[in-house]
Every structure is written in structure tokens, then in C-alpha cells.
Amino acid sequence: MTSAPKTARFMDGTALAREITERTAARAKALTERTGKAPCLATVLVGEDPASVTYVKMKRNRCAKAGIESRHVELPADITTEELVATLTGLSEDPDVHGILLQHPVGEHIDERAAFEAIAPEKDVDGVTMASFAAMGFGLPGFASCTPGGIMRLLDAYDVDPTGKRAVVVGRSAILGKPVGLLLLGRNATVTYCHSRTTDLSEVVREADILVAAVGRPEFIRGEDIKEGAVVIDAGYNPGNVGDVHFASAAERASLITPVPGGVGPMTIAVLLEQTVDAAERLTA
Ligand code: NAP
């Protein structure tokens with residue numbers, strides 16, 4: 001007798017992001033009525049990389065729909081680190097700006113860390129400063145990196161409690177892999193990181209009750225490596241709307257899985273907007 005093929009439930013990031021953004025918009029409206037000023041996100045773009053231009057445009061459109069003002073600063077690709085730091089310091093000191101987003105990457109010749117550190121932690125709504133990273137590590141109040149923050153919101157919305165679970169994060173970038181592992185650890189998961197030097201990656205992935213794929217390689221994780229019943233979060237976004245997980249084969253083994261697009265992606269912007277209003281509320285309290 002053959003058993004019927006199982007199919008995972010989708011984790012609908014589009015719907016959850018919409019709900020979060022509706023609540024954010026209501027808070028933005030209330031704040032605007034109370035203070036006479038809308039929450040304001042400064043977006044800083046260096047150069048004209050088409051993907052970055054598109055991302056910033058998308059974030060600004062979403063801001064507008066949620067009643068958040070955005071102040072856009074475009075800088076030439078050949079700007080120096082000192083000039084970029086000066087711009088970000090100015091925005092950090094500007095009382096009309098509540099959140100700052102530096103779109104990255106910013107160009108090889110720029111010291112990206114120095115630029116991020118010029119963002120005041122209380123305006124770091126994209127969660128890129130060392131202060132925000134430390135807050136995530138210590139479990140203290142602060143702004144989460146937006147994609148990891150969005151992943152945790154998805155897990156909560158689908159009643160996935162990380163406590164006691166084996167979580168495997170494939171990828172260790174500063175904006176995604178590392179912080180999501182810290183957040184999972186903070187919620188009592190037993191966390192393993194994998195990266196390009198990991199040996200026997202398939203073996204490690206097979207142990208995951210919660211798998212986060214953050215590799216940047218299309219369909220890198222295959223269904224045969226997924227534990228029966230695992231929760232699969234695909235943070236990857238590769239050309240052609242393809243994730244880091246081979247969706248069809250993974251969906252046969254997982255209990256819950258994020259689609260690409262429509263899973264993690266929309267959550268990133270929803271968290272950015274929500275954290276902008278958090279910042280504005282605190283700065284105008
Ligand atoms: P990244 O900075 O390039 O980091 C990729 C990570 O994957 C690195 O830690 C790297 O290991 C690891 N890796 C690469 N090849 C590997 C291999 N063969 N085996 C095991 N590990 C390997 O990328 P990222 O910025 O974290 O982004 C990852 C993915 O998420 C991309 O598809 C990106 O588009 C997507 N993303 C989506 C959102 C969203 O809003 N949905 C936001 C950010 C990123 P090493 O450290 O050893 O090099």
C-alpha cells in the first residue's frame with residue numbers, strides 16, 4: 001500500500017506582511033495626528049545599481065501607502081567613505097528623520113561598516129549597526145535586522161515555538177544568517193550554522209526541525225535532505241524568483257514551508273516599516 005503524498009502548508013508572508021502593515025499604518029496615522037508630523041524614513045542610495053534602485057523604490061512606495069514619509073538621498077557611486085559618513089551623521093542628528101536605511105551593497109571602495117556605524121542606533125530601523133546586532137545577541141530591546149525579524153514573525157504566526165528544536169541556518173552573513181541564528185537561540189532553539197566551509201552539509205541539514213536557507217544559490221537545498229515534518233524557511237531570492245530551496249521536493253517532506261516569492265520577502269519590508277514607526281513613537285514620546 002502506498003501512502004498519499006504529503007504536502008507542506010505554505011507560510012503566507014504576503015498575507016502576514018499585509019496585516020502587519022495595516023497595523024503599522026494605523027499607528028503612523030495616530031502619531032501624525034498627535035504630533036502633526038508623519039514618521040519619516042530616510043533612504044540613502046549610493047550609485048545606480050538597478051537592483052538597489054528597485055529595492056529602494058519599492059520600500060518608498062510601501063512607506064507612502066502606510067502613511068510614512070520618506071526622504072530620499074541619492075549619492076554618486078564615487079562618493080568617499082567620509083562623505084557618506086557625513087551624510088548619515090547629518091540624518092542621525094536631524095530631528096525630522098526617525099529611521100535611516102542605507103541600501104547596500106555600497107561599493108567596494110567604501111568602508112561599509114564605518115557607514116553603518118554612522119547611523120544612530122535609535123534610528124537604525126534596518127538593524128545594521130553593531131549596537132543592534134549586540135541587542136539581538138543579548139536579547140535586549142533594539143531593532144532586529146529586518147529579514148531575520150520577519151522570519152521570527154512568520155514562525156510566531158504559524159505557532160512554531162523554537163524551544164528545544166534543532167535549528168539549522170545555512171549561511172552566516174551579517175544581515176541574515178548570523179542574526180537569525182541569534183534570534184532562534186534567544187528563543188531556546190539549539191542552533192547550528194552552516195557555511196561554505198561546512199563539511200557534510202547534507203547530514204547537518206537532515207537534523208533540522210527548523211531550517212533557514214540563506215545561501216544565495218538557487219535550489220541549493222534539496223527535498224531529500226529535509227527531515228520529515230521540518231519547518232522550512234527559504235530566505236533566498238535568486239534571479240527568476242527562485243529560492244535557495246528546491247520547493248517541489250522540499251514541500252513533500254516539510255510540514256510548513258515559505259514560498260518564493262511571497263514568503264520571507266514581503267516580511268522584510270513589513271518589519272522595516274513597523275520598526276520605523278517604533279522609532280518615530282520613541283523619538284517623539
Ligand atoms: P551572502 O552574504 O552572499 O551570504 C551567503 C552565505 O551562504 C555565506 O555565509 C556563505 O558562506 C554561504 N554559502 C555560500 N555557498 C555555500 C555553500 N556551497 N555551502 C554552504 N554555505 C554556502 O548572502 P545574504 O546576503 O545572506 O543572502 C542570502 C540569500 O538571501 C540571497 O539569495 C539573498 O538574495 C537573499 N536575501 C533575501 C532577503 C529578503 O528580503 N527576502 C534579504 C536579504 C537576503 P561563507 O560565509 O563561508 O562565504
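Which residues does UniProt list for "domain: Tetrahydrofolate dehydrogenase/cyclohydrolase catalytic"? The unreviewed entry in UniProt gives residues 11–126. UniProt positions are in the numbering used here, feature names are shortened, and annotations may be inferred rather than shown by experiment.

## Basis of the model

This is a predicted model, in which local features need pLDDT of at least 70 and side-chain atom pairs count only at pLDDT 80 or more, while totals for chains, interfaces and linings use all residues. Residues are numbered from 1 along each chain as its sequence is written, and side-chain values use heavy atoms, with hydrogens and water left out.

## The two annotated spans

Residues 11–126 are 50% helix and 16% strand, with the end C-alpha atoms 23 Å apart. Helices (H or I, at least four residues) and strands (E, at least two) are DSSP runs, numbered from the N terminus.

From the unreviewed UniProt entry also comes "domain: Tetrahydrofolate dehydrogenase/cyclohydrolase NAD(P)-binding", at residues 145–282. That span is 38% helix and 14% strand, and its end C-alpha atoms lie 18 Å apart.

## A three-stranded sheet

An open sheet of 3 strands runs in the order β3-β2-β4, with parallel pairing; two strands pair if DSSP finds at least two bridges between them. β3 (69–75) and β4 (99–102) are the edge strands, each with a single partner, so one side of each has no neighbour in the sheet. Strand β2 (residues 40–46) pairs with β4 over 4 bridges in the parallel sense, and Leu41 stands opposite Gly99 in β4.

## Ligand surroundings

There are 21 residues around the ligand, and Arg172, Ser173, Ser196, Tyr237 and Thr268 come nearest; a residue is near if one of its heavy atoms lies within 4 Å. The shell divides into 8 nonpolar, 10 polar and 3 charged residues. Here Ala, Val, Leu, Ile, Met, Phe, Trp, Tyr, Cys and Pro count as nonpolar, Asp, Glu, Lys and Arg as charged, and the others, Gly among them, as polar.

Ligand oxygen atoms lie 2.7 Å from an N or O atom in the side chain of Arg172 and 2.8 Å from a polar side-chain atom of Thr268. The side chain of Arg217 has an N or O atom 3.0 Å from a nitrogen atom of the ligand.

## Backbone details

Two cis peptide bonds can be located in loops. His104 to Pro105 has omega near 10°, and Pro105 is in the loop between β4 and α4 (112–117). Val260 to Pro261 has omega near 0°, with Pro261 in the loop between β9 (256–257) and α10 (264–283).

Key
A polar contact is a pair of N or O atoms within 3.5 Å; within protein, one must be able to donate a hydrogen and the other to accept it, and residues adjacent in sequence count only if both atoms are side-chain atoms.
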